[in-house]
Amino acid sequence: MELKPYRIKKAKNLQLLLTSGIGSDHIDLKAATEAGLTVAEVTGSNIVSVAEDELMRILILVRNFSPCCHQAINAEWNIAAIAEQALNGEKYGSNIICRRPVVLEDVSSDCNEPFEDGLSVDALGCWNSLFYAAAGSAPGCFRYGCPGSELEKQTGAKFEEDLDAMLPKCDIIVINTPLIEKTKGMFGENKIAKLKRRVLIVKNARGAIMDTQAIADACSSGHVAGYSGDVWFPQPAPKDHPRHYMPNHVITPHISGTTIDAQL
């Protein structure tokens, strides 16, 4: 739910706005400040929930699960049509699956937490993973991203300074950057044009980071082989929103970080 100025004005006894997860852009901070309210975030509470969700989305896209599910719902049976696009978990195109994913990440020392029980980047075949952090999007992101940094050692991923140079290398892209002025519309026609043909994209970051029409066009043309997103812009989405109709996609209504554990 978005807390707009009219809602804040109606809540006469409201003193604290507490939000779990990453970001408070769903709260009108100017109105909250004017009302003398405290806005606080339980940052990181849903890290594991979102990480699990994103791994699931990658596998759903790689195995071509969505059209397979639709076949079953529509009482169809065409295994060949599904199998010709479905690949084993260890391979994608001519490269190892997750070999070159780009993670636009709000980088912190906790971002490897889901792997602490023995599941590492190497275990997923991600020995050549890359990540990029936009300047200003995460405190200390370049400190963590320097060659030989602790974060690189923890994740097995390599920090890339130039996003445009990195994009053509990627088979899978996972976008997690926070929504700030610099990242609004960050993934538009220009960035999508730099991607490999038949790339897969997973995005659980804020909807305004992605140009909706640009990604819909890329999915329709086949440039993007699959897209899975959780967060929309705007929310709730209107019925004529392009993501309702674009092909080769798996979408959900902003639920990746809403497991019970993530909210406790």
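Predicted model: local features only at pLDDT ≥ 70, side-chain atom pairs only at ≥ 80, totals over all residues.
Residues are numbered from 1 along each chain as its sequence is written, and side-chain values use heavy atoms, without hydrogens or water. Local features need pLDDT of at least 70, side-chain atom pairs count only at pLDDT 80 or more, and totals for chains, interfaces and linings use all residues.

Helices (H or I, at least four residues) and strands (E, at least two) are DSSP runs, numbered from the N terminus. Strand β1 covers residues 16-20. Its covered face carries L17 and T19. Its uncovered face carries L16, L18 and S20. In a regular strand the side chains alternate between the two faces of the sheet. Strand β2 (residues 38-42) pairs with β1 in the parallel sense, over five bridges. Pairing requires that DSSP finds at least two bridges between two strands. A40 in β2 is the bridge partner of L18. Between β1 and β2 the chain passes through helix α2 (residues 29-34). This β-α-β crossover is right-handed: with the strands pointing away from the viewer, the path from the first strand over the helix to the second runs clockwise.

A nonpolar core is a set of buried Ala, Val, Leu, Ile, Met, Phe, Trp, Tyr and Cys residues joined through side-chain atoms within 4.5 Å. Buried means under 20% relative accessible area, exposed over 50%, and partly exposed in between (1.4 Å probe, protein chains only). The largest core has 25 residues. Those with the most contacts inside it are I173, F187, I201 and I215. Elements giving two or more residues to this core include β8 (172-175), β9 (199-203) and α10 (212-221). Helix α10 gives the most, with five residues. I215 touches I192, I201, M210, V224, Y227 and M246, leaving aside residues up to four places away in sequence. Such a contact means heavy atoms within 4.5 Å. A second, separate core of 10 residues includes I60, V174, L200 and A225.

F159 lies in strand β7. F159 counts as buried because its relative accessibility is 8%. F159 and L130 are 29 residues apart in sequence, yet their C-alpha atoms are 5.8 Å apart. E161 is found in the loop between β7 (158-159) and α8. At 67% relative accessibility, E161 counts as exposed.

R243 lies over the face of W232, at 4.6 Å from the ring centre. For such a placement, NZ of Lys or CZ of Arg must be within 6 Å of the ring centre and within 35 degrees of the ring normal.
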